[in-house]
Amino acid sequence: MTQIKSHWQNYIDGAWVGGGAGTIDVHDPATGAFLATAALADAADVDRAVMAARRVHLSAELTALRPIERGRMVQAMGRWLLARKEEIAHVLTREQGKPLWEAMIEVEGAALYFEYYGNQASTVEGRSIPLGAGYFDFTDYEPYGVSAQIIPWNYPVEMTARSLSAALTTGNTVVIKSPELTPLTNSYFAQAAEAAGFPAGCVNVLCGLGHEAGAALAGHPMVNQIVFTGSVPTGIAIAKAAAGNVVPCVLELGGKSAAIVYDDADLDAFETDIRWGIYFNAGQVCSAMSRVIVHESRHDELVERASAIAKSLSVGPGAERVEFGPNMGAMVSLAQRDRAASMVQTATAQGASVAAGGHPLNQPGAFMEPTVLCNVTPDMAIAREEVFGPVLSVLSFKDDAEAIAIANSTEYGLVAGAFTQDLNRATRAARQLRAGQVFINEWYAGGVETPFGGYGKSGYGREKGREALWNYVQTKNIAIKLKG
Ligand code: NAD
């Protein structure tokens, strides 16, 4: 097993430093064993990081670069991560719990963001606006300045990569607040930025508690833009802090996303969607397929297939799960596991039936059985609230209008899916589903290129795709009065 260094520091203004709030112990959720300590930032550390990022922004070092050169530096960060994929993935598995092969996919996914956005640095072009003979007018896109990025624990590497790559591509400087449960892997971004030649102070990475360092960062008056990925209550707190300083924020929050499975759906193919949709990363995915709304004529068959998949997955320590396969790792913590298990208990008390799993594993570590619940009705808490665990809720419908009504009946609206052979039906559903992204016949279809973000309480603003770049720039219009 790869040795993990015992203490991890914060990275502020180009230096590795301790934290004003002391340290936090990081544990391996697969064993409960102590893994390492991480420096914990306080408000003064946050202030130093923000002021360093501001200094670099005001120096115009990044914006003076020809964008194609800045883009090359962003791309170099991705290559740096890929060259250390195994090392980073090992640390990720141990701090987060996911199987090693999933961690490898996450590091590859992170690198892809740097490749994708770095490649677009020179495409952020303004336009010229005709104002008649006496004027020449054009628009320009300028970075906001200091981008504050607050990261969740479920995909610490990919989430940071997603926001950091777009921010640097557009010429912003960055302060990252890593998640306190999984802070270790975020350190690699500081090293990657340094190796790629970004100046000291341009990328700062610090771990700290949400209500201390997180709140200090979100409310810092010199932060110019905020990107937050995490829960709805924290998102609301951050939006309030952003409003206090009149700065924009992007909120990527939770979901209770539904797949509608029509009577003509290909259930053989849908088994793959179940496998990935709800059991990848032990269901700790904001866009997880946590509800399936199936036509009543296919209900029993679907529950049987879903249960067979759930039962076929072996659950155990991620570090031992090296090869791509039918397996699942630990959840991030015992608290998250117990929360998922208690939501299942409440569901059964409200009338749902457990078709597979339903319990924590009877062994040390934060393991939860892959679970399928049937007889779920739209009014139950399990059908409305995010579990953020490996728990699939199956509901049924009689006609298409009812299916859409159930799918749209939660406060969320992150993603949705429609599974049918009928293109007209699929297209109608896509238009009627209230979600930022709709998958037809493949859950998670798309990639770094496709815009991602929520309707309703799933948040606002978009990450991924071309759309995300516009969250990191502001428009300046320049009008020139011509003589003669
Ligand atoms: P969380 O909201 O508790 O924490 C997220 C981050 O916010 C952490 O870094 C935390 O330290 C920080 N934070 C907490 N309180 C804060 C405060 N008052 N001010 C500033 N920062 C604060 O969420 P979590 O438990 O880490 O993540 C799970 C949640 O995130 C789920 O609800 C999930 O759906 C959501 N999520 C969404 C996406 C997405 O892209 N939409 C991706 C991953 C996770």
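This is a chat about a predicted protein model.

Biologist: What should I know before reading the numbers?

Modeller: This is a predicted model, where local features need pLDDT of at least 70 and side-chain atom pairs count only at pLDDT 80 or more, while totals for chains, interfaces and linings use all residues. Residues are numbered from 1 along each chain as its sequence is written, and side-chain values use heavy atoms, with hydrogens and water left out.

Biologist: How many helices and strands does the protein have?

Modeller: The protein has 16 helices and 22 strands, taken as DSSP runs numbered from the N terminus (helices are H or I, at least four residues; strands are E, at least two).

Biologist: And what is the radius of gyration?

Modeller: It is 23 Å, which agrees with the value near 23 Å for a compact globule of 484 residues; the radius is taken over C-alpha atoms, and the globule rule is 2.2 Å times the number of residues to the power 0.38.

Biologist: How much of the protein is buried?

Modeller: Buried residues make up 57% of the 484 residues, where buried means under 20% relative accessible area with a 1.4 Å probe, protein chains only.

Biologist: Switching to helix 8, which of its residues are buried?

Modeller: In helix 8, residues 210-218, they are A213, G214, L217 and A218. They cover an arc of only 130° around the axis, which puts them on the same side of helix 8; the arc is that of the directions from the helix axis to the C-beta atoms.

Biologist: What do they pack against?

Modeller: The buried residues of helix 8 pack against helix 1 (43-59), helix 9 (232-244), and strands 7 (146-150), 8 (173-178) and 10 (225-229), with contact meaning heavy atoms within 4.5 Å.

Methods:
Buried < 20%, exposed > 50% of the residue type's maximum accessible area, 1.4 Å probe, protein only.
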